[in-house]
Amino acid sequence: MDLRSLRYFVAVAEERHFGRAAVRLHMTQPPLSRAIKRLETDVGAVLLHRSSAGVTLTAAGSALYDEARALLRQAEQARVRVAATAGTATLTLGTLAEQAGTPLVAAFRERHPNVHVHVREADLTDPTTGLRAGLVDVALTRAPFDDTGISSRVLRSDPVGVVLRTDDPLAGRDTVRLRDLAARRWFRLPDGADPVWRAYWNPVPPGGDLREGPVVRTVHECLQAVLWNGTIGLAPLADSLPEGVVRVPLADMAPSRLVVAWNSADTDPLVRSFVGIATAGYRSAAGAEDRA
């Protein structure tokens with residue numbers, strides 16, 4: 001029984017579904033299923049009840065879930081303490097192609113000059129960028145998503161626009177509404193992606209039927225779908241776009257919230273420091289814009 005197996009088990013236990021857990025862990029389902037089987041063999045007990053609808057924890061699984069989370073937290077704390085003692089403290093930052101911004105980088109570097117920051121860019125299937133899987137310490141990402149066990153602070157709210165090819169009949173509009181786009185093909189996120197996140201970017205009510213269109217996993221794939229096939233999708237107005245596509249503001253779309261997020265149970269002072277610096281930095285930037 002190793003830490004990787006426990007991390008896999010925790011993901012399946014929290015997602016209640018092997019497919020969603022595999023997406024969260026950025027792996028395919030067969031090796032995940034095999035790993036859980038090996039873990040059940042190691043502990044000598046069935047941990048999950050499997051059905052076509054998903055999985056539920058057995059009594060043994062519930063007991064292991066609590067122990068596994070505690071062990072994973074202890075392992076991470078040990079890693080941080082050892083790194084700090086060795087003078088090589090590290091922080092892994094998850095992003096969704098979101099730039100941290102020079103002021104935030106400068107402020108963090110000034111406060112923690114000896115900390116090595118590793119940046120992990122996730123694809124669009126996981127809005128937590130690896131937080132749930134323990135792959136990152138803190139994330140710069142966008143809400144809404146399932147925030148069970150995750151804390152966050154809003155750094156900025158950005159209006160959203162529809163991304164269109166420059167020769168699209170709607171490209172010259174000042175604004176559009178969702179009803180103007182009812183017959184269009186939208187790009188959408190893969191099965192197993194966070195349902196709240198997936199519904200927002202499609203956009204439909206959570207649990208509703210998704211709009212038709214190609215499945216994409218990265219921002220680059222989204223833009224290529226627009227350029228090559230005239231597919232449409234959404235993007236914050238703050239994002240930059242390549243030549244050949246434009247973004248028209250949507251008048252009836254809730255804004256996209258840029259957030260800093262972390263695991264609620266995480267007590268790492270380095271994570272808390274990053275959260276504080278990010279919050280203060282974006283608040284100061286917003287105040288400067290208001291005074292301009």
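This is a predicted model: local features need pLDDT of at least 70, side-chain atom pairs count only at pLDDT 80 or more; totals for chains, interfaces and linings use all residues.

1. Thr-148 lies in the loop that runs between strand S5 (138–143) and strand S6 (150–158). Its relative accessible area is 55%, and because a value over 50% counts as exposed, Thr-148 is classed as exposed. Between the C-alpha atoms of Thr-148 and Pro-31 there is a separation of 26 Å, the two residues being 117 residues apart along the chain.

2. Pro-203 belongs to the loop between helix H6 (195–201) and helix H7 (219–229). As background for this point and the next, most peptide bonds are trans, and most residues other than glycine have a negative phi.

3. Arg-16, in the loop between H1 and H2, has a positive phi of about 60°, and with a relative accessibility of 37% Arg-16 counts as partly exposed. Thr-129 likewise has a positive phi of about 60°, but its place is in the loop between strand S4 (116–121) and S5, and at 0% relative accessibility Thr-129 counts as buried.

4. Turning to helix packing, two packed helices are described by the angle between their axes and the distance between the axes. For helix H1 (residues 3–15) and helix H3 (residues 29–43), the angle is about 110° and the axes are 10 Å apart. The range from 65 to 115 degrees counts as roughly perpendicular, and H1 is therefore roughly perpendicular to H3. On the H1 side the contact is made by Ser-5, Tyr-8, Phe-9 and Val-12, and on the H3 side by Leu-32, Ala-35, Ile-36 and Leu-39. Sorted by class, this contact of H1 with H3 comprises seven nonpolar residues, one polar residue and no charged residues.

5. H1 packs against helix H2 (residues 18–25) as well, at an angle of about 130° and with the axes 8 Å apart, an arrangement that makes H1 oblique to H2. The crossing in which H1 passes H2 is right-handed. From H1, the residues Arg-7, Tyr-8, Val-10, Ala-11, Val-12, Glu-14 and Glu-15 take part, and they meet Phe-18, Arg-20, Ala-21, Arg-24 and Leu-25 in H2. By class, the contact of H1 with H2 has seven nonpolar and five charged residues, with no polar ones.

6. My last point concerns the aromatic side chains, for which the structure holds three aromatic pairs. In one of them, the rings of Tyr-200 and Trp-201 have centres 4.8 Å apart and planes at 90°, and because planes over 60 degrees apart count as edge-to-face, that is how this pair is classed. Both Tyr-200 and Trp-201 are buried. Together with Trp-197, Tyr-200 and Trp-201 form one aromatic cluster.

Technical notes
Residues are numbered from 1 along each chain as its sequence is written. Side-chain values use heavy atoms; hydrogens and water are left out. Axes are lines fitted to C-alpha atoms, for helices over the stretch in contact, and angles run from 0 to 180 degrees between N-to-C directions. Helices (H or I, at least four residues) and strands (E, at least two) are DSSP runs, numbered from the N terminus. Angles under 35 degrees count as roughly parallel, over 145 as roughly antiparallel, 65 to 115 as roughly perpendicular and the rest as oblique. Contact means heavy atoms within 4.5 Å. Ala, Val, Leu, Ile, Met, Phe, Trp, Tyr, Cys and Pro count as nonpolar, Asp, Glu, Lys and Arg as charged, and the others, Gly among them, as polar. A crossing is left-handed if the near helix is turned anticlockwise from the far one by less than a right angle, and right-handed if clockwise. Rings of Phe, Tyr and Trp (its six-membered ring) pair if their centres lie within 6.5 Å; planes under 30 degrees apart count as stacked, over 60 as edge-to-face and the rest as tilted. Buried means under 20% relative accessible area, exposed over 50%, partly exposed in between (1.4 Å probe, protein chains only).
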